[in-house]
Amino acid sequence: MKKRVRTSKSNNNQLKGLGGWLILVTVTIFLVLLTYFLFALIQVIDLILGKINFSIASWLVLSIVYIVLFGYCLYLEFKHRKEFPTWFLTSMWISSILTIIIDQIQKSKVISSWWTIFVTLIWTWYFVKSKRVKNTFVK
């Protein structure tokens, strides 16, 4: 009876595709898109009703920027493009830093904005270390 021995190469090939922790990334991107779409819609309604101020305008612009960034990330993810990890991490860092800046200007929820930095650091570590990420995004 012959035993099948798995090599590290065959293990690496199994870690491919949108599975494992990458499912959570996909869900996160969908939630970010949904949240900022609804947030932008509320801001547009406020502008239509005549509630114009710096806060509403700045969050509307940021919401649109986030929708474009994360929408493009979702496209790259489903196409398994090699640019996805870079675009996703760049989008996460941009959104984290801009959220902190806006929160500091408006003197609002500083603790939650620092939470975004923590989450971004975790995703950065995962994308750098993950074999699944390296094997999936190759096109």
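This is a predicted model: local features need pLDDT of at least 70, side-chain atom pairs count only at pLDDT 80 or more; totals for chains, interfaces and linings use all residues.
I began with Thr136, which I found in helix α6 (residues 131–136), helices being DSSP runs of H or I with at least four residues, strands runs of E with at least two, both numbered from the N terminus. Thr136 counts as buried because its relative accessibility is 1%; buried means under 20% relative accessible area, exposed over 50%, and partly exposed in between, with a 1.4 Å probe and protein chains only. Setting aside residues up to four places away in sequence, I noted that Thr136 touches Lys16, Gly17, Leu18, Leu22 and His80, where contact means heavy atoms within 4.5 Å.

Residues are numbered from 1 along each chain as its sequence is written, and side-chain values use heavy atoms, with hydrogens and water left out.

Next I looked up the overall layout. The protein has six helices and zero strands, and buried residues make up 35% of its 139 residues. Of the contacts with a separation of 6 or more, 72% are between residues 24 or more positions apart.

I then turned to α3 and what follows. The 25 residues of helix α3 (residues 54–78) should span 36 Å at 1.5 Å a residue, and the end C-alpha atoms are 36 Å apart, which agrees; the expected span is 1.5 Å times one less than the number of residues. Just after α3, His80 takes a positive phi of about 60 degrees, and His80 is also one of the residues that Thr136 touches.

Which residues form a salt bridge here? I found Arg81 and Glu83, whose side chains meet at 3.5 Å, N to O, and the count by this rule comes to one; the rule asks for a side-chain nitrogen of Lys or Arg within 4 Å of a carboxyl oxygen of Asp or Glu. Arg81 is partly exposed at 30% relative accessibility, and Glu83 is partly exposed at 27%.

For α4, I noted 23 residues reaching 32 Å from first C-alpha to last, close to the 33 Å expected at 1.5 Å a residue. Its buried residues include Phe84, Phe88, Leu89 and Met92. After α4 comes Lys107, with a positive phi near 50 degrees.

Of its 23 residues, Val25, Ile29, Phe70, Phe84, Phe88, Trp123 and Phe127 touch the most other members. Helices α2, α3, α4 (84–106) and α5 (110–129) each supply at least two residues of this core, and α3 gives the most, with seven. Leaving aside neighbours within four places in sequence, Trp123 is in contact with Trp21, Leu24, Val25, Thr28, Phe88, Leu89 and Met92.

A nonpolar patch of about 1100 Å² is made by residues including Trp21, Leu24, Phe37 and Leu41; patches are made of residues with over 30% relative accessible area and no salt bridge, like charges being joined within 9 Å and nonpolar side chains (Val, Leu, Ile, Met, Phe, Trp, Tyr) within 5 Å. Leu41 is found in helix α2 (residues 21–48) and is partly exposed, with a relative accessible area of 41%.

Technical notes
Accessible areas come from the Shrake-Rupley method with a 1.4 Å probe; for residues, only the protein chains shown count as cover. A nonpolar core is a set of buried Ala, Val, Leu, Ile, Met, Phe, Trp, Tyr and Cys residues joined through side-chain atoms within 4.5 Å.
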